[in-house]
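The sequence and the model are shown first.

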Amino acid sequence: AAQANWPWPRIYLGVIFGTQLAVSCFGALQSTHTSMRREVTTRTLDFQRTTGLSPREILWGKLLGEPAWAYLLAMASVPLGVFCWSLGATTLPVLLLMYVSVMASSLLVGAIGLMQPLEIKGDASAAKNSSAAGVLALFGFGMYAMFGMTAGALQTNNQLLAAVPGLWTPLLAVVGVTRGTPWEYYFDFFGIQIPYLFVTPVVQLTLVMLILRAMQRQLVFPLLPTLSKGETYAILAVFDVLVAAMIYHEAVALGSLQAQLATFAAIHLVASVLMIWTTTPNRECLVSWVWRFQGQRPAVADALFGERSSNSTAIVGYAVVGLAFAVALVMAPNVGRMPGDWSTAGPQSAAILATMALLILSFGSTHQWSVFAAPTGGWMLPIIIFLVLLLPTFIAGAYYESDPVLSTTPLAHFVNWISPARDLWWSPIPLIYGGLWLATLKRTRTSLARGRANVDSTLAAMGVGQNAENATPEAISSAVPASTSGQ
């Protein structure tokens, strides 16, 4: 019976795909990372940027040229795959889709290798020599995490857990081929079952285009944020739809409306933090906005979509996107399925959504203030602040079983919403995180207002604008050094 369930051609085919996937992906990652790092350290990338090649052509050349051997290496296993197919290990469409997944995975991992700073700080030779070790550690950690999540998803049959390895890697497809059930693992999109054999390559190629887009922006002008604000809104919207679909499928396992809503809010919060990191302008970018770009487009459009304006309005957009999809795709479908739960969960649902919004606003505002106030290493400051606010109170409250202490940390509230066990007070959350948001927002706006006032006074003294008739040579000569020192 065991031999009938696990015939050797299927096992052999699974081993072939697993080995080919690991070799091709690691080869692509190592090749693109090493090539990009070498070009940066030797400054040859700067010369390429001055040629007639567009940034897109440069990146595609590095993605397809240097690691070509890793992509072509997949052809070596084709005869073995066809041999296993001839023995009945799988069907021809599945075999072709698996090779498509291997190629898409190799492209994705190769594109990840391109993601690195375009400026070397410190010893260039040391940074170059540490490249191989860093790539090996990154690849090993990523594979370990994906294998762990795949094993957990197979044990629990949880789509939320299976979506990470299922959408990013073809590991579930490899397991399905080995078990003889390649169509068993699927992504449930509000009742529409789409096998990962179809979904995974599409998601991977989409991520490849997104990574190339981010690096293209860095090649055009390294001062700009990794992604534009408009792109992050679209990414969050698509991501929220996928998360809501997974929660819809796991509604019975999650149970109450509060648990579903808290799960969605926590995942959206993590995604929003990633978007904040990719779209928040640094100090130099904000200063250039104050001196050159402010006022060139309508204020609302500049705040929502401006490349160099602060993130104070963008983080509101992230919160609004989360609130809209939470209501439309998580709460609304439960009206008919859980009428009793819906009627009693209003205050808790409002508290969950308000907590999500406050955390997005407070972290985003703190991050913008920190990178403006501390240009070097400022991105670490909000992480430290939030770890101090979240972890000590959670650990102390859990150890001493103190509800008042646990009530001060959102981490305890999210745990309690998903698995109710305590009667926590929600009132400390808006006081702490609302106050943090307003305090950091005020500090950032005060600094920007001071910069705008400096610009206006300098331009007026130089005779630019409405006060040109009042300018004198003495005022102009005294204003130029002041503007230089202020910048």
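**Buried residues, helix contacts and overall composition**

Leaving aside neighbours within four places in sequence, His-413 is in contact with Leu-406, Ser-407, Leu-424, Trp-425, Trp-426 and Ile-429. The model in which these contacts are found is a predicted one. His-413 belongs to helix H24, which spans residues 410-418. With a relative accessible area of 4%, His-413 is classed as buried, because the limit for that class is under 20%.

Tyr-318 lies in helix H18, residues 314-331, and its relative accessibility is 0%, so Tyr-318 counts as buried. When residues up to four places away in sequence are not counted, Tyr-318 touches Thr-232, Tyr-233, Leu-236, His-268, Ser-272, Met-275, Ile-276, Thr-279 and Ile-360. Ala-271 stands 47 residues from Tyr-318 along the chain, and the C-alpha atoms of the two are separated by 9.4 Å.

H11 is mostly covered, with seven of its nine residues buried. The buried residues in H11 are Leu-171, Leu-172, Ala-173, Val-174, Gly-176, Val-177 and Thr-178. Just after H11, Gly-180 adopts a positive phi of about 80 degrees. Thr-181 is placed in the loop between helix H11 (171-179) and strand E1 (186-189). Is Thr-181 buried or partly exposed? Its relative accessible area is 28%, and Thr-181 is therefore partly exposed, since that class lies between the limits of 20% and 50%. Thr-181 and Thr-90 are 91 residues apart in sequence, yet their C-alpha atoms are 9.1 Å apart in space.

Two helix pairs may now be examined. At what angle do the axes of helix H10 and helix H13 cross? The axes of H10 (residues 159-168) and H13 (residues 229-249) cross at roughly 140 degrees and come within 9 Å. This angle makes H10 oblique to H13, because only angles over 145 degrees count as roughly antiparallel. From H10, the contact is made by Gln-159, Leu-160 and Ala-163, and from H13 by Ala-245, Met-246, Ile-247 and His-249. By class, the contact of H10 with H13 has five nonpolar residues, two polar residues and no charged residues.

The other pair is formed by helix H2 (residues 8-41) and helix H4 (residues 55-64), whose axes come within 9 Å and cross at roughly 135 degrees. H2 is therefore oblique to H4. The crossing of H2 and H4 is right-handed. On the H2 side the contact is made by Thr-32, Ser-35, Met-36 and Glu-39, and on the H4 side by Leu-59, Lys-62 and Leu-63. The residues of the contact of H2 with H4 divide into three nonpolar, two polar and two charged.

These local features are set within the protein as a whole. The protein has 26 helices and two strands. Of its 487 residues, 44% are buried. Among contacts with a separation of 6 or more, 72% are accounted for by residues 24 or more positions apart. The accessible surface of the protein comes to about 23,500 Å², and 69% of that surface belongs to carbon and sulfur atoms.

Conventions. Residues numbered from 1 in each chain as written. Predicted model: local features only at pLDDT ≥ 70, side-chain atom pairs only at ≥ 80, totals over all residues. Heavy atoms only, no water. Axes fitted to C-alpha atoms, helices over the stretch in contact; angles between N-to-C directions. Helix = DSSP H or I, 4+ residues; strand = E, 2+ residues; numbered from the N terminus. Parallel < 35°, antiparallel > 145°, perpendicular 65-115°, else oblique. Left-handed = near helix turned anticlockwise from the far one by under 90°. Contact = heavy atoms within 4.5 Å. Nonpolar A, V, L, I, M, F, W, Y, C, P; charged D, E, K, R; others polar. Buried < 20%, exposed > 50% of the residue type's maximum accessible area, 1.4 Å probe, protein only. Areas by Shrake-Rupley, 256 points an atom, 1.4 Å probe, with all protein chains shown as cover.
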